[in-house]
Amino acid sequence: MLKLNELGVELFIKRAKDISPFWDNYDLIIWKKDISGYTSMKGLYRNNSWGMADRISVNNTGVWELPKKYVKYFK
């Protein structure tokens, strides 16, 4: 897991261009265009197309824990 504070999440949002991360209150939503989002429970309609969304919530210590597959955006 990649543990980020608020500034780290903001940096992640700026650097990740092929996926489309954005804020939803204090949750980080990572959206990627995918037609299968139309029939999925994780599907989300955004920017006139369907995609898959992962919701990452902040924990009690104020840290967002991102999966390791997103480490490539910090290199």
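I began with the term itself: a salt bridge is a side-chain nitrogen of Lys or Arg within 4 Å of a carboxyl oxygen of Asp or Glu. This is a predicted model, in which I take local features only at pLDDT of at least 70 and side-chain atom pairs only at pLDDT 80 or more, while totals for chains, interfaces and linings use all residues. Residues are numbered from 1 along each chain as its sequence is written, and side-chain values use heavy atoms, with hydrogens and water left out.

**Salt bridges**

I looked up how many salt bridges the structure holds, and the count is three. Arginine 55 forms one of them with aspartate 24, where the closest N and O atoms are 3.0 Å apart. Because arginine 55 lies in strand β5 and aspartate 24 in strand β2, this pair ties together parts that are 31 residues apart in sequence; helices (H or I, at least four residues) and strands (E, at least two) are DSSP runs, numbered from the N terminus. Arginine 55 also meets the side chain of aspartate 27 in a salt bridge of 2.8 Å, N to O. That pair links distant parts of the chain, with aspartate 27 in strand β3 and arginine 55 in strand β5, 28 residues apart.

I then checked accessibility, for which buried means under 20% relative accessible area, exposed over 50% and partly exposed in between, with a 1.4 Å probe and protein chains only. Aspartate 27 is buried at 18%, whereas aspartate 24 is partly exposed at 30%.

Lysine 42 and aspartate 54 form a salt bridge as well, at 2.9 Å from N to O. Lysine 42 lies in the loop between β3 and β4 (43-46) and aspartate 54 in strand β5, so the pair ties together parts that are 12 residues apart in sequence. Both partners are partly exposed, lysine 42 with a relative accessible area of 46% and aspartate 54 with 23%.

**Aromatic rings**

Rings of Phe, Tyr and Trp (its six-membered ring) pair if their centres lie within 6.5 Å; planes under 30 degrees apart count as stacked, over 60 as edge-to-face and the rest as tilted. By this rule I find four aromatic pairs. Phenylalanine 12 and tyrosine 70 are edge-to-face, with 5.8 Å from centre to centre and 75° between the planes. Since phenylalanine 12 lies in helix α1 and tyrosine 70 in the segment after β6, the pair ties together parts that are 58 residues apart in sequence. Phenylalanine 12 is buried at 0% relative accessibility, and tyrosine 70 is buried at 6%.

Tryptophan 23 and tryptophan 64 also form an edge-to-face pair, 5.4 Å centre to centre with 70° between the planes. Here too distant parts of the chain are linked, tryptophan 23 being in strand β2 (residues 20-24) and tryptophan 64 in strand β6, 41 residues apart.

Separately, the charged end of arginine 46 sits over the ring of phenylalanine 22, 3.9 Å from its centre; the rule asks for NZ of Lys or CZ of Arg within 6 Å of the ring centre and within 35 degrees of the ring normal.

**Core and contacts**

A nonpolar core is a set of buried Ala, Val, Leu, Ile, Met, Phe, Trp, Tyr and Cys residues joined through side-chain atoms within 4.5 Å. In the largest one, which has 13 residues, Phe12, Ile19, Leu28, Ile30, Leu66 and Tyr70 touch the most other members. The elements that give two or more residues to this core are α1 (6-15), β3 and β6 (64-66), and α1 supplies the largest share, three residues.

For contacts (heavy atoms within 4.5 Å) I set aside neighbours within four places in sequence, and leucine 28 then touches residues including Val9, Phe12, Ile13, Asp54, Arg55, Ile56, Trp64 and Leu66. Isoleucine 56, in strand β5 (residues 49-56), is buried at 9% relative accessibility. Leaving out residues up to four places away, isoleucine 56 touches Asp27, Leu28, Ile30, Trp64, Glu65, Leu66 and Pro67.

Lysine 32, in strand β3 (residues 27-33), is partly exposed at 45%, and beyond four places in sequence lysine 32 touches Ile19, Gly51 and Met52.
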